Amino acid sequence: MFTLLAADKLAQEGLDFINSQSDATLLDRPDLVDLKKEKGQEAVDEEVGKLLAAGGVHAMAVRSGIKVTPAMLENPGNLKVIARAGVGVDNIDLAAATDKGILVVNTAEASTITTAEHAFTLMMALLRKVGPAYKTMSDGGWDRNKFKGRQLHGMTVGVVGLGRIGRTFAERALAFGMTVVGYDPFVNTDIQLGSHTVKTFRTFEEMVPHVDVMSFHVPKTPETTGMLNAETFALCKKGVYVVNAARGGIVDETDIVAACDSGQCAGAALDVFTSEPPAEDSPLRTHPNILVTPHLGASTEEAQTAVSVDAAKACLSYLRGEGISGAVNAGGVRVDLTDQQAAYVSLADRMARLISPMVTRGVSELDIEICGVELGPAAGTIERTALVGLLQRHFDTPLNVINVGSIADSRDIETRITKLDHAKSAPTQLTFTIHGPKGCVDDAPDHEADKVRKIVGRVYDDLQPRVVEINGYAMDMVPAGHMAIIQNDDRPGMIGLVGSEFGKAGVNIADMTISRRENADGSGATALMLLKLDEAASYELNDALGEREGILKIASVHLPEA
Ligand SMILES: NC(=O)C1=CN([C@@H]2O[C@H](COP(=O)(O)OP(=O)(O)OC[C@H]3O[C@@H](n4cnc5c(N)ncnc54)[C@H](O)[C@@H]3O)[C@@H](O)[C@H]2O)C=CC1
Ligand SMILES: O=C(O)CCC(=O)C(=O)O
């Protein structure tokens with residue numbers, strides 16, 4: 001049974017969806033938003049932190065009403081996924097969630113049209129002075145001269161951020177007879193919207209002198225914060241209009257008040273604020289040329305229903321292993337795999353765990369060769385799974401496919417994936433080659449092949465995983481259960497020696513495969529034994545065997561049963 005904590009005010013339809021599922025229960029806590037207003041974010045951190053630490057929450061959905069902070073996620077219990085019912089994830093500490101292995105998803109598509117419509121509404125209302133005209137009338141007045149506005153048709157609007165909402169806004173502006181230009185560092189050419197070409201500029205500074213109105217549709221990042229400020233206002237036409245329904249602070253709040261005072265800005269419409277709600281005495285609330293709405297961009301029945309249902313579905317789909325949609329922090333990871341792909345992901349886990357104890361000097365590079373086009377979609381999952389298997393025994397932090405990428409980055413571990421389209425002669429298989437930090441994985445490799453660790457695995461038609469090679473030793477064994485890998489001189493008596501040490505320790509050898517590799521200088525050969533055991537080999541047994549003449553290396557590992 002999965003429990004979803006609705007830690008914000010989510011539309012009923014999403015909550016009803018959770019309640020309608022036989023494997024899910026709902027913990028609806030819209031009061032957390034009021035708690036934040038009354039007692040602050042710390043009180044929310046404490047309250048949600050307690051709920052999570054108790055272990056009964058598997059998924060959490062939020063809007064922008066509360067923040068998801070590192071303090072809240074200190075001990076996340078069984079929390080596996082956080083869904084943002086909306087687009088902007090700036091209220092979720094992604095690094096903290098990623099470090100704890102928690103998937104973060106958003107519902108990016110569901111509120112696009114609604115938000116673009118709100119930005120467009122703000123632009124129209126701003127240019128026709130609808131806000132102050134309404135205020136005058138509701139105060140009992142009537143003034144037709146004071147509220148003369150401007151016509152959109154014929155004006156040039158600059159769209160900052162040509163993603164989903166920016167383009168949807170642009171389409172509407174074109175329909176109103178505006179000229180649309182844009183700036184987006186990730187859009188390198190002019191874009192075609194219907195029969196219209198939207199000219200794009202290389203920099204924001206190049207665009208602003210050309211526009212009568214500008215509208216922001218960018219995420220809040222270090223690059224976008226304060227991008228419209230006193231300096232860039234100075235480059236604008238006098239009397240420019242500004243719309244911000246993206247995030248507070250993208251337009252500098254002090255500088256916009258100054259620009260509206262000086263007339264450099266004829267008027268601004270803001271839906272979003274650096275601090276929400278803004279202070280009661282904020283000049284943004286009362287400036288005659290500033291129109292404000294309380295973060296209503298996504299607030300329509302249609303969008304809120306859609307984001308709430310999408311968020312609930314995304315959580316359950318991940319928890320059930322059906323798929324990941326809207327992932328913000330899990331690039332390339334998929335859970336909706338075919339049986340064959342899933343079998344190769346399981347093989348990757350086993351191969352990495354098996355080889356992990358033989359990597360004694362750390363890892364600097366992992367080369368993953370995936371032979372077989374049918375495994376292509378699973379490449380990201382295979383990569384992350386291999387890293388988890390390789391690194392987990394060396395870390396106290398629980399690793400998973402979500403957090404392992406950032407942990408590997410923080411340790412300068414480079415992963416390279418080569419995808420090969422197998423020819424008829426080459427079977428579908430995975431090969432991992434692990435390089436140590438100083439070009440070696442081993443303190444004193446006797447053989448060139450032991451400078452790296454290489455393991456090759458395949459899955460046959462029975463979907464059972466097989467290891468077919470370790471460092472040049474050919475074999476064919478299902479890696480499962482308690483296992484030991486022993487490298488020894490290839491000479492008579494070694495099998496007996498190993499058998500008798502295990503026998504003395506009372507550990508039964510259930511299966512054994514032996515492979516021989518010639519020494520490069522022709523001086524003889526070494527062998528690799530891969531043993532399946534009925535129970536774990538103790539440290540003492542490993543130590544005792546490791547001391548025996550002719551035994552070069554021994555490592556043991558426990559893998560899931562196949
Ligand atoms: N007011 C509200 O209630 C809502 C506000 N939003 C805000 O709208 C933003 C945009 O949403 P979508 O269009 O769905 O996102 P999107 O990801 O489809 O588009 C964002 C665009 O911004 C561009 N961009 C990134 N850095 C930039 C920079 N320095 N300068 C110019 N462009 C840059 C990206 O290349 C991308 O094309 C969200 O990040 C969110 O903050 C979204 C929904 C509701
Ligand atoms: O209504 C909300 O939850 C805010 C929507 C929003 O800002 C977003 O989706 O990014």
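## A quick tour of the model

The shell around ligand 2 splits into 2 nonpolar, 7 polar and 1 charged residue (Ala, Val, Leu, Ile, Met, Phe, Trp, Tyr, Cys and Pro count as nonpolar, Asp, Glu, Lys and Arg as charged, and the others, Gly among them, as polar). This is a predicted model, where local features need pLDDT of at least 70, side-chain atom pairs count only at pLDDT 80 or more, and totals for chains, interfaces and linings use all residues. Residues are numbered from 1 along each chain as its sequence is written, while chains are lettered from A and ligands numbered from 1 in the order in which they are written.

**The two ligands**

- Around ligand 2 you'll find Arg63, Ser64, Gly86, Val87, Gly88, Ser111, His295, Gly297, Ala298 and Ser299 (a residue is near a molecule or strand if its C-beta atom, placed from the backbone, lies within 6 Å of it).
- Ligand 1 has 32 residues around it, and Gly88, Gly161, Gly163, Ile165 and Gly297 are the closest.
- Sorted by class, that ligand 1 shell holds 14 nonpolar, 13 polar and 5 charged residues.
- Helix 7 gives the largest share of the shell around ligand 1, with 3 residues.

**Helix 5**

- Helix 5 (residues 112-127) has 16 residues and runs 23 Å from its first C-alpha to its last, close to the 22 Å expected at 1.5 Å a residue (the expected span is 1.5 Å times one less than the number of residues).
- Since 12 of its 16 residues are buried, helix 5 is largely enclosed by the rest of the structure (buried takes 20 or more other C-beta atoms within 10 Å of a residue's own, exposed 12 or fewer, and partly exposed is in between, with C-beta atoms placed from the backbone).
- The buried residues of helix 5 include Thr112, His118, Phe120 and Met123.
- Just after helix 5 comes Lys129, with a positive phi of about 50°.

**Nonpolar cores**

- The largest nonpolar core has 106 residues, and Ala61, Val81, Ile82, Ala83, Cys315, Met351 and Phe432 touch the most other members (a core is a set of buried Ala, Val, Leu, Ile, Met, Phe, Trp, Tyr and Cys residues joined through C-beta atoms within 7 Å).
- Helix 12 (residues 301-319) gives the most to this core, 11 residues.
- Apart from this core lies another of 53 residues, among them Val211, Val213, Phe216 and Val242.
- Setting aside neighbours within four places in sequence, Met351 is in contact with Leu430, Phe432, Ile455, Gly457, Val467 and Pro479 (contact puts the two C-beta atoms, placed from the backbone, within 7 Å).

- Most residues other than glycine have a negative phi, and most peptide bonds are trans.
- Glu276 and Pro277 are joined by a cis peptide bond, with omega about 0°, and Pro277 sits in the loop between strand 12 (265-270) and helix 11 (283-286).
- Asp412 isn't a glycine, yet its phi is positive, about 55°; with 10 C-beta neighbours inside 10 Å, Asp412 counts as exposed.
- Asn471 isn't a glycine either, and has a positive phi of about 45°; Asn471 is buried, with 25 other C-beta atoms within 10 Å.

**An annotated domain**

- UniProt, in an unreviewed entry, places "domain: ACT" at residues 483-562 (positions use the numbering here, feature names are shortened, and annotations may be inferred rather than shown by experiment).
- Residues 483-562 are 25% helix and 44% strand, with end C-alpha atoms 13 Å apart.

Conventions:
Helix = DSSP H or I, 4+ residues; strand = E, 2+ residues; numbered from the N terminus.
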